[in-house]
Amino acid sequence: MSNKPMLVFQTDFTYKEGAVCAMYGVVKSVDRSLEIIDGSHELPQYDIWSASYRLYQSMEFWPTDTIFVSVVDPGVGTARRACVAKTVHGHMIVTPDNGALTHVKRTIGITEVREIDESINRLQRTKGVAIFHGRDLFGYCAARLASGIISFEEVGPVYPVEEIVELPIAEASVQGDKVCGIFEINDPNFGNLWTNIPLEMFTEAGFAYGDMLNVRVINDGKVAYEDRVLFEKSFGYAQKGDVMIYNNELMRVAMAVSMGNFTEQYHLNYGGDWQVEFTK
Amino acid sequence: MSNKPMLVFQTDFTYKEGAVCAMYGVVKSVDRSLEIIDGSHELPQYDIWSASYRLYQSMEFWPTDTIFVSVVDPGVGTARRACVAKTVHGHMIVTPDNGALTHVKRTIGITEVREIDESINRLQRTKGVAIFHGRDLFGYCAARLASGIISFEEVGPVYPVEEIVELPIAEASVQGDKVCGIFEINDPNFGNLWTNIPLEMFTEAGFAYGDMLNVRVINDGKVAYEDRVLFEKSFGYAQKGDVMIYNNELMRVAMAVSMGNFTEQYHLNYGGDWQVEFTK
Amino acid sequence: MSNKPMLVFQTDFTYKEGAVCAMYGVVKSVDRSLEIIDGSHELPQYDIWSASYRLYQSMEFWPTDTIFVSVVDPGVGTARRACVAKTVHGHMIVTPDNGALTHVKRTIGITEVREIDESINRLQRTKGVAIFHGRDLFGYCAARLASGIISFEEVGPVYPVEEIVELPIAEASVQGDKVCGIFEINDPNFGNLWTNIPLEMFTEAGFAYGDMLNVRVINDGKVAYEDRVLFEKSFGYAQKGDVMIYNNELMRVAMAVSMGNFTEQYHLNYGGDWQVEFTK
């Protein structure tokens with residue numbers, strides 16, 4: 001087993017056609033010994049927000065020399081920067097600088113960012129192709145970096161961390177006996193919704209497992225959901241079909257239907273316009 | 001290439017969000033040299049039966065030191081046991097003891113089972129999280145086991161194999177000139193249905209490739225399907241769109257529509273209440 | 001890391017059940033050190049054309065000793081040949097000889113093809129099974145080849161390259177100021193359609209990025225789509241929702257809706273009966 005950094009890929013390409021396969025072939029042609037991990041190739045299409053959240057969700061569980069390659073890239077071929085960022089813990093992220101670094105920058109911290117020099121760190125044999133930087137630029141550059149062919153400094157010129165493109169992030173808050181936040185992301189598989197509210201805010205407000213809480217969800221100025229809901233330790237404690245509040249895997253408050261789909265069943269969604277309030 | 005046991009994962013998580021990636025990061029943080037294989041992350045949600053069947057379906061094709069990690073876990077966080085079981089051939093399975101060991105226990109055999117000691121073999125940094133044992137318990141414990149950090153004995157206390165939770169399994173039978181069983185599982189991709197009838201029972205009843213057989217499917221006391229169907233060696237011998245009986249990859253009798261979807265086309269399904277009878 | 005050839009698999013099996021897992025188990029039981037890559041397990045069911053195109057799409061990006069295993073096999077168990085082909089660059093393909101070699105043969109070139117000798121290169125323990133050659137024949141034989149247990153010569157008897165089954169391929173052409181071709185394949189994820197027209201034909205006809213072109217799509221003798229469309233360098237230059245013509249990752253002309261789905265939105269498809277013409 002190689003001691004070179006692992007490459008964890010996340011894209012919105014899916015495995016339905018040959019794009020992932022071609023991208024991985026480029027990596028293996030740079031250095032056969034590199035280890036490639038599927039982070040996910042099923043991110044929602046063009047959804048830079050999800051790319052940003054998923055990096056934040058999993059990165060801290062990986063060895064600190066791991067290199068993440070994130071390619072959700074609706075602006076491919078335009079003037080948006082292609083970059084490699086380094087976090088405070090040493091992880092690197094190879095990505096278009098289009099907002100995909102938002103969560104990592106805000107919640108983990110980025111110490112340095114460099115623009116990829118396409119004259120050196122781009123696959124030359126596909127020079128005429130402008131639409132597949134996953135294969136031709138991000139995968140290729142990441143492989144060179146992981147392989148040790150280039151150093152971080154040789155990626156390209158450094159630019160100010162302050163210039164990294166950030167999407168707007170809402171902050172949760174405790175307001176008296178009320179805890180307020182938004183549904184920040186979903187679990188698209190099980191239909192759960194995750195708020196941006198850290199568990200500590202619940203503790204601060206005096207909410208504990210076993211409490212019945214009032215939940216109000218407001219979307220577009222209207223109440224989209226309102227009910228009294230039990231705050232439970234895990235899914236298995238709820239009756240099948242019950243709505244529940246729980247502490248998710250990132251220690252943030254989340255909501256689910258036990259063995260059901262909260263998002264679909266109540267026609268809810270996530271984003272800055274999906275406010276949620278909890279009171280006792 | 002490492003000589004440590006491989007880890008084969010199967011879950012109902014999908015690749016739509018960051019859960020698999022975080023789980024694999026934990027494994028690689030325990031021991032970078034471990035080899036991770038995707039068994040499947042697309043098992044039907046909460047479907048312990050499928051988890052059990054899929055283990056049985058593929059396990060015998062793997063080297064005997066392979067460790068399987070199966071996480072279909074609707075009872076996560078409750079009192080259900082988390083365990084590691086060892087089969088008669090040496091394979092190990094890390095799983096909630098919720099019925100997922102049913103087929104392996106019945107058709108292969110389990111020699112020993114141990115309850116995972118969470119005070120030792122649980123990731124400590126996520127102690128406050130109760131809902132993601134794939135990452136925090138099963139993946140982490142399996143990695144320690146594969147890496148050699150702990151022995152099988154150090155997983156935790158042994159408990160009687162008889163206490164392993166089993167789902168009810170129906171047995172097929174030959175009754176005179178009739179062979180009876182159930183549709184035990186499906187092939188959700190191609191829409192085929194697999195019975196629990198071993199090919200030998202067909203031989204015993206005198207059925208051979210090329211025979212026309214009467215098939216009757218009974219669900220909920222009513223005939224759900226009845227026809228004369230050819231028993232064929234493989235799909236390619238049937239006309240496109242024809243219903244056919246065949247010997248599946250586990251040497252059990254199955255039914256399909258050649259290049260079609262038997263399950264959907266005839267509104268059929270699998271389970272204990274889907275009886276099927278074959279006569280000449 | 002092993003120096004043995006990598007195995008890149010593509011099938012229409014999906015990960016919904018245990019087939020891929022069993023197949024990979026066979027490979028790892030032949031030789032634990034072999035490296036397995038998921039090319040794709042989501043090829044459209046029974047679609048030999050897609051299998052052929054996807055091999056062509058990704059193969060040239062892989063090290064020349066890589067072995068591809070392609071299993072889209074509606075004729076499994078019948079008299080169709082099972083073979084291993086070698087390309088002019090040294091890549092090998094293990095596949096049913098059912099048309100899956102069409103694009104590689106025509107666009108890359110095949111130097112030699114051998115029929116797999118099932119008496120030697122077939123898994124013996126599943127002898128009674130006729131329906132799963134991915135596991136029992138192709139995966140097993142490919143593993144023996146990659147491992148060095150057998151040489152290419154020991155796969156089985158050579159047969160004439162001319163006998164390889166080919167699907168009909170249409171050729172694009174420049175006819176005066178008109179460039180004619182077909183929609184040859186799709187990108188099923190983003191809904192783009194890829195023509196068989198090389199970019200050079202556009203250059204030859206005097207078309208350049210920034211040009212407005214007349215596009216006419218004819219299906220079944222009727223005009224299925226007709227409009228003036230911008231030929232652009234990449235998706236990011238188009239307005240969201242605009243139809244655009246672009247140069248795809250294989251240097252062929254393609255069409256898309258920027259951040260939309262061209263195929264679905266205009267009820268289009270690909271195949272020999274989907275002619276497309278471009279004029280200025």
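Which residues of α2(C) are buried? They are C:Ile48, C:Trp49, C:Ser50, C:Ala51, C:Ser52, C:Tyr53, C:Arg54, C:Leu55, C:Tyr56, C:Gln57, C:Ser58 and C:Met59, where buried means 20 or more other C-beta atoms, placed from the backbone, within 10 Å of a residue's own.

The model is predicted: local features need pLDDT of at least 70 and side-chain atom pairs pLDDT 80 or more, while totals for chains, interfaces and linings use all residues. Residues are numbered from 1 along each chain as its sequence is written, with chains lettered from A and ligands numbered from 1 in the order written.

Helices are DSSP runs of H or I with at least four residues, and strands are runs of E with at least two, numbered from the N terminus. α2(C) spans 16 Å from first C-alpha to last over 12 residues, close to the expected 16 Å at 1.5 Å a residue; the expected span is 1.5 Å times one less than the number of residues.

Chain C puts 31 residues in contact with 30 residues of chain A, contact meaning C-beta atoms, placed from the backbone, within 7 Å.

β2(C) gives the largest share, four residues.

Within chain C, the axes of α1 (residues 19-30) and α4 (residues 133-147) come within 8 Å and cross at roughly 30°. Axes are lines fitted to C-alpha atoms over the stretch in contact, with angles from 0 to 180 degrees between N-to-C directions. Residues of α1(C) that meet α4(C) include C:Ala22 and C:Val26.

Methods. Two residues are in contact if their C-beta atoms, placed from the backbone, lie within 7 Å. A residue is buried if 20 or more other C-beta atoms lie within 10 Å of its own, exposed if 12 or fewer, and partly exposed in between; C-beta atoms are placed from the backbone.
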